[in-house]
Amino acid sequence: GVEIMPGPRHKTEEKVKDAKGTLKKFLKLLKPYSLIFILAFASAFVGVLLSCLAPNYLGKLTTEIANGVTRRAMDWTEIQRLMTILLCLYVCAPIFRFTQHFVLAGLSGRIVRDLRKRLNEKLDRLPLKYFDSRTQRELIRRGIVLLRPYSELLPRNIIDRRMPRDP
């Protein structure tokens, strides 16, 4: 459950009473999307790996050019090979990171849509007596309290905090 607490400047803050239980429910909610998560994590991994490899090849290219200057004979085949690898690394790494962000943004939208659908189905099953005994404001507040943490924090948390960043 969620407890409403007064926060700074008289705003309300939501405080989770049972964090472990909430986490279990949240992970159960995400289980149908596990293949999409695997795709996003794989894409993030490859993007970061490519970004980490690029400086190594840039160093090899610099060394090859410096050696060519001191020898007064450039190995143009090796320089071309290293530049091609660098170009591929610098083009592919952002593509993989974009894919990761794109997949996770779509996923968070789907999860919130499914949550809203489930909430609507739950409300449809409630007897009219329930609605008569509560104000419209209270009903709306309860719906918002249930969905706001997911709809606002889900995209930001999944994308910004759970995925590795570039070095």
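This is a predicted model: local features need pLDDT of at least 70, side-chain atom pairs count only at pLDDT 80 or more; totals for chains, interfaces and linings use all residues.
Residues are numbered from 1 along each chain as its sequence is written. Local features need pLDDT of at least 70 and side-chain atom pairs pLDDT 80 or more, while totals for chains, interfaces and linings use all residues, and side-chain values use heavy atoms, with hydrogens and water left out.

Let's start with the patches, which are built from residues with over 30% relative accessible area and no salt bridge, joining like charges within 9 Å and nonpolar side chains within 5 Å. Areas come from Shrake-Rupley with a 1.4 Å probe. Phe45, Leu49 and Leu53 make a nonpolar patch with about 280 Å² of accessible area together. Phe45 sits in helix 2 (residues 34-71), helices being DSSP runs of H or I with at least four residues.

There's also a positive patch: Lys25, Lys28, Arg118, Lys122 and Arg125, with Lys and Arg counted as positive and charges placed at NZ of Lys and CZ of Arg. Helix 3 gives the most to the positive patch, with three residues, and Arg125 is in helix 3.

On to the salt bridges (a Lys or Arg side-chain nitrogen within 4 Å of an Asp or Glu carboxyl oxygen). The structure has three:

| Pair | Closest N to O |
|---|---|
| Arg71 and Glu64 | 3.4 Å |
| Glu78 and Arg81 | 2.9 Å |

Glu78 and Arg81 are three residues apart in helix 3, about one turn of the helix. As for accessibility (buried is under 20%, exposed over 50%, partly exposed in between), Glu64 is buried at 15%, whereas Arg71 is partly exposed at 47%.

Conventions:
Helices (H or I, at least four residues) and strands (E, at least two) are DSSP runs, numbered from the N terminus. Buried means under 20% relative accessible area, exposed over 50%, partly exposed in between (1.4 Å probe, protein chains only).
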